[in-house]
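Reader: Hi! Could you walk me through the charged pairs in this one?
Author: Happy to, here it is.

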Amino acid sequence: MKRFIYSLLIFAGITCSTTLTAQKRDMDARKLQMALYAVSNLYVDPTDESKLVEDAITGMLEKLDPHSTYTDPEETKEMTEPLEGNFDGIGIQFNMLTDTVYVIQVISGGPSEKVGLMAGDRIVQVNDTVIAGVKMKTPDIMKRLRGPKGSEVRVKVKRADEPELLDFNITRGKIPVYSIDAAYMADKNTGYIKLNRFAASSADEFREALKKLQKKGMKQLILDLEGNGGGYLNIAIELADEFLSKGKLIVYTQGNKQRRQDAISTYQGNFETGKLVVLVDESSASASEILSGAVQDWDRGVIVGRRTFGKGLVQRPLPLPDGSMIRLTVARYYTPTGRCIQKPYEKGKGEDYAHDLIDRYNRGELMSADSIHFPDSLKFSTMLSKRTVYGGGGIMPDVFIPIDTTRYSDYHRDLVSKGLVNRVAMDYLDMHRNELAKKYKKPATYKEKFEVTDDIMSHLRQLADEKGIKFDEAGYNRSLPLIRLQIKALIARDLYDMTEYFYIINDVNASYQEALRILNDDERYTSITRNS
């Protein structure tokens with residue numbers, strides 16, 4: 001009887017507590033409604049009720065953490081399109097060249113290719129709007145070119161060898177957005193894959209690229225996640241599964257309102273045994289850190305580069321009726337050893353959090369691993385070899401590569417920021433496209449034999465003078481080899497595709513070069529993954 005009464009009291013207490021909590025929530029909701037009503041109906045000046053609601057939501061989220069956000073309908077669409085893997089448009093990649101849309105590539109099988117648009121074309125007019133020479137912003141141009149699948153857009157194009165403008169009627173279609181920038185054989189045994197985001201199609205893209213490289217003899221792999229800011233959690237899990245044998249913990253998530261959920265590897269991995277190096281840097285975040293953290297914790301491969309961004313918070317998208325969205329942090333994620341790699345933050349977003357990467361640079365962390373200090377409380381041991389790894393602020397690589405400042409100069413920075421390096425490459429290709437295509441049928445031949453001439457460099461300096469960039473001889477000479485290589489890589493990108501850009505520019509990527517050295521040295525690879 002006493003036990004029954006005691007249980008009844010506990011139940012009554014829980015019920016009372018739940019009721020009080022519900023009442024408190026109702027009261028808080030009414031307060032918000034009353035405040036909105038008062039401002040909308042009594043405030044001295046006109047107000048925008050929708051804007052007030054958006055500001056209230058934004059204000060709430062700003063007090064939480066750096067990654068809980070609100071986006072309006074247009075921002076939501078722009079944010080989700082790259083991750084969903086497609087959008088509706090005409091199927092071109094373009095750059096702005098002297099206030100004109102310059103077509104870099106025409107997507108194979110897309111609407112523009114079907115009507116005859118070509119790389120090198122300049123789009124002068126869209127429907128009845130002239131877009132050339134009017135300094136129209138890129139987002140405004142994209143709005144005119146994009147549109148619902150099946151709708152039609154008329155464009156006028158200037159082609160180098162045609163005296164008159166060409167007219168094209170293009171029926172918009174579904175355009176794929178690829179997340180793999182490059183996939184090629186770095187040497188006879190080593191494949192290289194560059195992943196720019198973890199999108200809905202990324203796992204399928206990766207498996208397809210991996211299969212093609214394996215057919216070419218790939219035995220070991222460099223996976224480049226430099227600059228990869230993340231994406232979908234489930235895609236990070238699916239890609240990590242490609243490298244881990246069955247039954248291994250990949251990541252787990254847990255929050256105050258969300259119980260622990262484990263992601264376990266399956267038997268379906270397509271690269272579970274070959275040697276692996278993952279490249280990361282200070283811009284590799286979120287899903288990139290989940291994948292590299294799992295690889296490191298299971299001693300599955302070598303992480304090369306610089307300490308990653310440090311985003312260990314999981315956001316749940318909450319669509320709102322008008323197409324806007326709240327992305328609310330609901331959990332933290334933890335690597336297999338139990339590391340939470342979220343870097344410290346005070347409640348809310350805060351300037352310190354936003355300036356963290358700048359602070360790292362100022363502390364010398366990007367130049368020297370000795371500048372990075374972790375407390376012993378954040379020390380963990382890997383699952384197999386019991387190597388020491390750290391949590392609490394990104395993934396620290398097994399092999400640190402300092403950022404290279406020796407090739408850069410203020411003069412080079414000004415050339416790049418004004419778009420002149422890109423423009424010189426476009427100008428040269430515009431005049432010599434047919435000649436180059438006949439002479440360099442294979443990218444390997446182009447890489448070996450093509451040289452950026454002094455005439456090309458003179459054209460660059462001339463453009464710089466026209467833009468008011470003061471010539472700095474010392475800076476120019478210091479950056480000259482890099483500038484030549486960048487121009488060569490940009491020409492290759494526009495002549496072939498994005499893979500060939502990385503095929504060339506990776507010659508000066510220190511992390512990539514170190515990865516090749518590690519993979520081709522069995523003793524060193526083993527010492528890093530097993531004994532260090």
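Reader: How many salt bridges does the structure hold?
Author: There are 32 salt bridges, each being a side-chain nitrogen of Lys or Arg within 4 Å of a carboxyl oxygen of Asp or Glu. This is a predicted model, where local features need pLDDT of at least 70 and side-chain atom pairs count only at pLDDT 80 or more, while totals for chains, interfaces and linings use all residues. Residues are numbered from 1 along each chain as its sequence is written, and side-chain values use heavy atoms, with hydrogens and water left out.

Reader: Nice. Which residue does E242 meet in a salt bridge?
Author: That's R207, at 3.1 Å from N to O. The pair links distant parts of the chain, 35 residues apart: E242 is in the loop between α7 (233-241) and β13 (249-254), and R207 is in helix α6 (residues 202-215). Helices (H or I, at least four residues) and strands (E, at least two) are DSSP runs, numbered from the N terminus.

Reader: Is E242 buried or exposed?
Author: E242 is buried, at 3% relative accessibility, whereas R207 is partly exposed at 24%. Buried means under 20% relative accessible area, exposed over 50%, and partly exposed in between (1.4 Å probe, protein chains only).

Reader: Switching topic, where do R413 and D410 lie?
Author: Both are in helix α11 (residues 410-417), three residues apart, about one turn of the helix. R413 is partly exposed at 49%, and D410 counts as exposed at 51%.

Reader: And which residues do shared partners join into one network?
Author: Those are R307, K343, D356, R360, R363 and E365.
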